[in-house]
Amino acid sequence: MKASAGQIRGALAKPGGDIRLYLLHGPDEAGASDLARVLAKAMGADAERVDLDGSALKGDPGRLTDEAASLSLFAGARFVRVASAGEESLEAFTNLLAAERVGNPVVAIAPTVKSTAKIVKLAIDSPRAMAFACYAPTAQDAERLATTIAGENGLRPAPGVARRLVDTTGGDRAVISREIEKLALYLDAAPDRPADLDHHALDAVGADLGDAEMGRAIDAVIEGRVDDLGAELAVLEEAGTSPIPWLRQLVRRLIALADMRGEIDRGDSVDAVMKRHRVFFKEEASTARSLRRWTPTMLATAIQRVRTAERAIMASGNAGGVVAEAAVVALSQAIARRN
């Protein structure tokens, strides 16, 4: 079946019944990973997690059904998480949904899969599966999401708190979840002992990191100002906010540069391109310099590296901000050599 945001979150929070497969597809991989953690939390801290990926299922389509039907080694709860699922997983998912009996839920993350894909149609058509398209939420959706997650953690947000959380985290649902979890710990809140979440708690625990602070770090990366970047990264680290919001802003800036560079390579003037893209007049000089320094190949490589860093940060047992800092320092050094 095709699920709404509320339906998929509710189903993952209370797994059971006839649903065997939760398919999370679409470009917001961080959001899909956050939803997958809802299932992990529902299964319990001692649950056994089996990790597979699309390539493994392609080589052995029957393995998914076997893992979903197997008992945990320690006779506890068990679930399966499939990463990087794609159309190569169609046979494995078909076998899973057609099996006579399975006892363990499967959550699959498919970031490159579109809504027209065969595995999505399979999940939508089956009463034993739920499919949800993960896209970066709008500001309004993100506010509702923040309020929902707060309620799940026993928090009652005061007016304006959800909006402030969204602004602080760049609307990233995974970062919103982390911030709310910290706030719940600070207020000793839980579903069975709810607490009011006001602006004083956000001041004490949350980090109001504005666009200006993130923008300075991003400018330093784009312009190859390695020494300045070190200082800006220190500011971001001291604020204690996840690197994901500014990594995503960096990607958006790189994509904008790539679009402008493509138009210039097709014959348009730099001035015309910047005007078409509504570059702020105070940023025209630095943007023009960046367009001369960054080649299309470099921009494509940079976008890929930043996105890889974001995925690495979302993985379990990661090195946190060190991953982001290493990626952006390398990019800044590469541009500095071209100055």
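User: What makes the second largest pocket a pocket, and how much space lies in it?

Analyst: About 430 Å³ of space lies there, a volume being the space filled by probe spheres set on grid points joined across faces, edges and corners. On a 1 Å grid over the protein atoms alone, a pocket is an open set of points with protein on both sides within 12 Å along at least five of seven lines, whereas in a cavity a 1.4 Å probe fits but cannot get out. This is a predicted model, where local features need pLDDT of at least 70 and side-chain atom pairs 80 or more, while totals for chains, interfaces and linings use all residues. Residues are numbered from 1 along each chain as its sequence is written, and side-chain values use heavy atoms, without hydrogens and water.

User: Why is Glu 263 called buried?

Analyst: Buried means under 20% relative accessible area, with a 1.4 Å probe and protein chains only. Glu 263, in helix H13, is at 14%, so it counts as buried.

User: What does Glu 263 touch, leaving out residues up to four places away in sequence?

Analyst: With contact meaning heavy atoms within 4.5 Å, Glu 263 touches Asp 268, Val 273, Arg 276 and His 277.

How values were computed. On a 1 Å grid over the protein atoms alone, a cavity is a set of points where a 1.4 Å probe fits but cannot get out, and a pocket is an open set with protein on both sides within 12 Å along at least five of seven lines; lining residues have an atom within 4 Å of a point. Helices (H or I, at least four residues) and strands (E, at least two) are DSSP runs, numbered from the N terminus. Buried means under 20% relative accessible area, exposed over 50%, partly exposed in between (1.4 Å probe, protein chains only).
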